[in-house]
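Keep the picture open while you read.

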Amino acid sequence: MGISLISISHQNAPLAVRELFAFPEQVQTELMKQMVERSPVSECVMLSTCNRTEVYTYSEYPGSNFTHMQNLLLEFADASELENIGDYIRFYSGTKAIRHLFHVAAGLNSMVMGEDQILGQVKRAHEQARSAGTCNVYLNTLFRFAVTASKRVKTETDLSRTTVSTATMAIKAAEQTLGSLHGRKVMLIGASGKIGGIVLKNLQCIEGAEVYITSRNISQAHEDRHHKVTYQIMEYENRYQLVDDMDVIISATGSPHYTLTYEKLAKNMLTSKPRVLVDLAVPIDIEEKVEWLPGVKRYDIDDFRELAKANNEKKQHEALAADQILEEARLDFERWMVFQQALPEIARLKEWMLEEAEKKGFEKAIDKMFYRLRDHSNPDDLRRFFEHLKEN
């Protein structure tokens with residue numbers, strides 16, 4: 001009995017592979033239900049972000065469900081013919097799977113160490129599984145422990161004190177290419193999403209930037225008195241009419257289709273000048289061929305590795321402190337799980353002790369219980385048990 005995990009992430013799979021497993025929310029829900037119905041697992045939670053697709057399960061038969069999990073994942077991704085699939089998928093079970101989730105939730109496994117968005121994504125994945133009815137006592141408790149431990153990391157270490165994320169790196173990439181965003185025109189597609197919203201907040205702190213965001217409903221000027229920069233809201237359908245004026249375009253939507261294509265940009269980008277196009281979506285929003293256009297520099301999620309590396313190196317000391325907190329929480333969870341799984345045996349032992357106490361008295365029942373412990377325990381386990389008794 002135990003926790004298992006199948007993972008496809010930025011650590012072992014390129015963007016082109018991760019795109020295949022970036023399922024819409026409805027598909028995620030159906031996959032979790034199918035995982036419970038068609039494999040040996042009894043519980044399932046799916047975590048899907050721009051950098052990872054991970055399926056956490058609880059099963060009475062650990063180790064026997066990896067093939068079922070992989071085949072179902074490949075079926076939903078329509079990726080059964082993907083070559084060298086073993087190069088991109090990682091399997092974890094038991095302690096390794098539990099530790100992995102704790103590190104993911106705290107931002108230790110993110111491309112940008114300590115980034116804030118992942119904890120909210122873990123919470124949403126847990127809630128989605130609960131709503132789908134695929135998450136019960138074991139994964140419910142596991143995810144609660146992971147979230148609580150991650151909150152401790154955020155309050156007791158400086159791991160997330162300096163906020164850096166793929167959203168902030170998008171702006172850094174534009175600044176490094178163009179020198180500054182002061183006086184530049186920036187279009188943001190997908191400002192209402194989680195990542196797009198963070199990009200917008202960062203853009204509004206850059207004095208002198210002229211920001212445009214897309215909306216499918218309204219086209220009007222908008223003022224936000226809490227920031228230095230106001231922005232224009234334009235209809236999504238009119239985005240190509242403005243691209244020639246833009247110096248930077250950032251796209252971060254959940255769309256399964258391109259928000260910007262090579263053909264339409266080639267027709268509408270008439271002025272030759274340096275431009276930065278940043279794609280924060282998985283699947284990608286901006287067709288890769290746009291790099292062929294004169295003056296255009298295109299970035300996607302995987303291009304931020306070098307920027308993330310410098311951030312991660314600075315946070316190694318805080319990562320050690322975070323890891324200690326997470327290990328304490330992991331041990332607490334595993335102790336809880338061992339006890340939970342042993343409840344039937346505990347009930348039988350309790351019943352036996354009560355019968356023995358009724359026959360021979362409570363003291364003799366206790367003695368007999370310890371003799372049974374002696375006769376059926378591994379010597380090392382028995383030694384550790386009595387060492388703990390001494391300490392406590």
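Predicted model: local features only at pLDDT ≥ 70, side-chain atom pairs only at ≥ 80, totals over all residues.

## A pocket by α13

Helix α13 (343–360) gives the most to the lining of the second largest pocket, namely four residues. A pocket is judged on a 1 Å grid over the protein atoms alone: it's an open set of points where a 1.4 Å probe fits, with protein on both sides within 12 Å along at least five of seven lines, and a lining residue has an atom within 4 Å of a point.

This pocket's volume is about 470 Å³, where volume means the space filled by probe spheres set on the points, which are joined across faces, edges and corners. Among its lining residues are R335, F339, R348 and H388. Helix α12 (316–341) also supplies at least two of the lining residues. By class, the lining has five nonpolar, one polar and four charged residues; Ala, Val, Leu, Ile, Met, Phe, Trp, Tyr, Cys and Pro count as nonpolar, Asp, Glu, Lys and Arg as charged, and the others, Gly among them, as polar.

Residues are numbered from 1 along each chain as its sequence is written, and side-chain values use heavy atoms, leaving out hydrogens and water.

The protein chain averages a pLDDT (the predictor's confidence in each residue, from 0 to 100) of 86, and 93% of the residues score at least 70. Over residues 218–227, though, the pLDDT is below 50, and this stretch has 19 contacts beyond near neighbours in sequence. Contact means heavy atoms within 4.5 Å.

The largest pocket holds about 860 Å³ of space. Of its 26 lining residues, Q28, S48, T49, G254 and V282 lie nearest the centre. Helix α5 provides the largest share, four residues. The lining splits into 14 nonpolar, nine polar and three charged residues.

There's also one cavity of 30 Å³ or more; in a cavity, the 1.4 Å probe fits but cannot get out.

## Two nonpolar cores

A nonpolar core is a set of buried Ala, Val, Leu, Ile, Met, Phe, Trp, Tyr and Cys residues joined through side-chain atoms within 4.5 Å. Buried means under 20% relative accessible area, exposed over 50%, and partly exposed in between (1.4 Å probe, protein chains only). In the largest core, with 61 residues, F21, V55, F102 and L142 touch the most other members. The largest share, eight residues, comes from helix α6 (residues 137–156).

A second, separate core has 38 residues, including M111, Y231, I250 and A252.

Most residues other than glycine have a negative phi, and most peptide bonds are trans. Yet the bond from V282 to P283 is cis, with omega near 0 degrees, and P283 is in the loop between β10 (275–279) and β11 (296–299).

N84 isn't a glycine but has a positive phi of about 55 degrees. N84 sits in the loop between α3 (66–77) and β4 (90–93). Is N84 buried or exposed? N84 counts as exposed because its relative accessibility is 51%.
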